Amino acid sequence: MSNRVSKSTITRRTALKTLAGSTGAGLLLPGLAGGAFAQESGPIKLGFQVHRTGIGSAYGRWYERVATAAIARINDMGGINGRQVEMIAEDDGTDPRRGAEVVERFANLHNVDAVFGPLFSHVVIGAAPRAGELKMPYFVVSEGHHVASGALNRYTLQPGITDVKSQVISMAPYVAENVGKKVTMIFPDFAFGHDHRDFFTDAIAAQGGEVIQQIAVPPTETTFTRYFPSIPRETEVVYHVMVGPGVLTFVREMGEFFGGQGPALFGFIDSLEAVDIASPGLEFLEDSYFWEGMPRYAQPDQTPHEAAYRAAVGVDENGASIDDPRDVSTYAHMFGVWETLAVMKAGMEAAGYQGPDDRQSLIEAVEAMSDMPLSDDHPQGDKVFNGRTHQVFGKQSISRVQDGKLVRVHQTSIEDTLYEDEVDYTAQSF
Amino acid sequence: MTDRAKSYTLHVGIVVLLAVLFFVLPAYHVGNLARIMVLAVYAIGYNLLFGYTGLLSLGHALFFAAGMYGFGMSIHLWGTPTALALVLGGLSGLVVAGIVGFLALRTRDVAFMIVTLMFAQAGYLTILYFGPTTRGDEGFVVSDAGRTLFGLDLSDEATRYWAALVLLATALLGTAALVKSRLGRALIAVRENEERAQMLGYDTTRLKYIAVVLSGTLSAVAGAAYAILFGYVGGTFATVQYSIFPLLWVLLGGAGTTIGPLIGVIFMFYLIDISSGFTDAYMFIAGVALLILCLFAPQGIAGEIRRRGLKWLP
């Protein structure tokens, strides 16, 4: 009987219709299905906005490895508030429009509890308004001054990595005293480079030094040779910072131009992130100086906390992947992901976080944080978080290339990196 | 039912359907549709020039960015009232399109593509050059006051959706009316055979100039709308990538059809959105889909529908 009923009622056409309908519903309504199971009993879901493709992919690859290791560690420690943590990663293509769409996917499709991870400034600035509208805690690992400048909103925080302004102003005293006072700057001709140009020019002037030439390199540039003749003869220090796929070409061409002679070099490690310093043609970097957020090469005084972190993220003592020594990490920046996740965990625990209704409490709990001492949670070093500006401050390192390796020669204090507040996010409503 | 009545019913039906979807779809897709509708306006603007007049521009990001920055900078620098800033956004596109059209239309075919591409690149580099003012590639966030129009908070999900729908409806119905008008038919005549149109007494240079200005202005309005509805202005939107996007949307949806741009944006948006849930190579999938469509439906989705039956599709 039942066979007959099914024969007479389920035709090929209706079966196809049903299949098409259910497939369509599955594609269209996963948010609804997920929502039914998302709340309070399941894992805490964290959306990881990652630059897997586009100009930020070298950073994104390592940010993802660090995030995976940090989440595994958190889960090994019992999760957050007794719940395991699930990371959902989405590629934003290092594009601001896609970044905003990814934030939307996290909020309305995956129903995550918070989002973390974006690095490139334009992506952060493009996506932060959407995070604010969706009332989604948005923990960026960007270095940009845009958080502390007040350009974003109460839901956007940067508790895991210091910003360009604090890095740059803390470099100036050492440069003026130990490297030289007449500085020529070479920087990318877009906002990140302009921050370097503006903040360092003022900072070195305050130390009795002077920027005698500013050379802006368009981001579309693929060869840099024609810019080097603009460096004035009286230059004592070339301050360089470059990002993107052209960094190795930039550094090699600079070496070809100077040929081991010329002024002292002070660079931001951004010019060499994910690049092996032992690459052919980079020998001229011997004795030059670099800012590092966290020293790539394991230093003799490496703390046990850093050693544990280095092992957890799979990086050897030269800053490369344990599995592939040619795969050099973005070590100076990627600790920010680890520390951001530690702050998110601490914030959720302080807020007694249970679900999306507690998002405001999470923001307030993080805003209430201040001292973050050196620990397994903060392997880069001591930090001080400013809840009003949503920005963390920490020690910076200056390393010198010696025998083909970066050796730390100076570490700033946290006080060296501080500046006046430019915003008070806590005065903004939710 | 006459073809005109069918066309009217179709376009109004699409607008009504989009209105109904607001109440039916989950929040995620409502947010997506708001973005899709604004991008579809951009595609409709592009389609006016490419689909109906036959001029392939590779520099429309310049017009989109002109509207975006015309609106955004006037808010950011001078605190201009939002309504006036929106007008300034549209005007920026009109002026830029007027200048570009005047110069670029001295060329044709491949040279026109190259010249428009170069203008757009110059526009992008101009944004970077004046970085201290424009904030270059990094861009800036539009203030809350700048996103409030006639007392309506356009950052609100529902308000944003309805605002995007009003804009799309205006562009869609306006285009449908335009292509059936004397001007629209003349533009199609230029596309089909410029020499013949000239022989019939049409000033084709003037017609193409009008098409560039209309297309550029509509693209600029979309750029300004994007800034006000999504709160961000940035140099990325002036890159060549954003000149290629409308070309792909229109090719996929159907060049020279009124509904093609909307279909193309929806198709491409969800193709990337869904495939990105499965693989990082989502742009590869988009590329393969484009290749398949070009091979088997060279006139795009709406174009294929028109070829196979709905001959009245405008």
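How many helices and strands does chain A have? After that, please take me through the open sheet of 3 strands.

Modeller: Keep in mind that this is a predicted model. Chain A has 12 helices and 15 strands. Three of those strands make up the part you ask about: they form an open sheet in the order E11-E12-E13, and the pairing is antiparallel. Strand E11 covers residues 371-372 of chain A and strand E13 covers 391-394; these two are the edge strands, each pairing on one side only. One pair of partners can be named: A:Asn386 is bridged to A:Gln391 in E13.

Now the surroundings. Chain A is divided into two domains: domain 1 takes in 39-162 and 336-394, while domain 2 takes in 164-292 and 395-417. The centres of domain 1 and domain 2 of chain A, taken over C-alpha atoms, are 30 Å apart. Where they touch, 12 residues of domain 1 are in contact with 14 residues of domain 2. On the domain 1 side, the touching residues comprise 4 nonpolar, 6 polar and 2 charged.

Two figures describe the chain as a whole. Chain A has 430 residues, and 52% of them count as buried. Among contacts in chain A with a separation of 6 or more, 69% are between residues 24 or more positions apart.

Conventions:
Residues numbered from 1 in each chain as written. Chains lettered and ligands numbered in written order. Predicted model: local features only at pLDDT ≥ 70, side-chain atom pairs only at ≥ 80, totals over all residues. Pairing = 2+ DSSP bridges. Helix = DSSP H or I, 4+ residues; strand = E, 2+ residues; numbered from the N terminus. Buried ≥ 20, exposed ≤ 12 C-beta atoms within 10 Å, placed from the backbone. Contact = placed C-beta atoms within 7 Å. Domains from an automatic or database assignment. Nonpolar A, V, L, I, M, F, W, Y, C, P; charged D, E, K, R; others polar.
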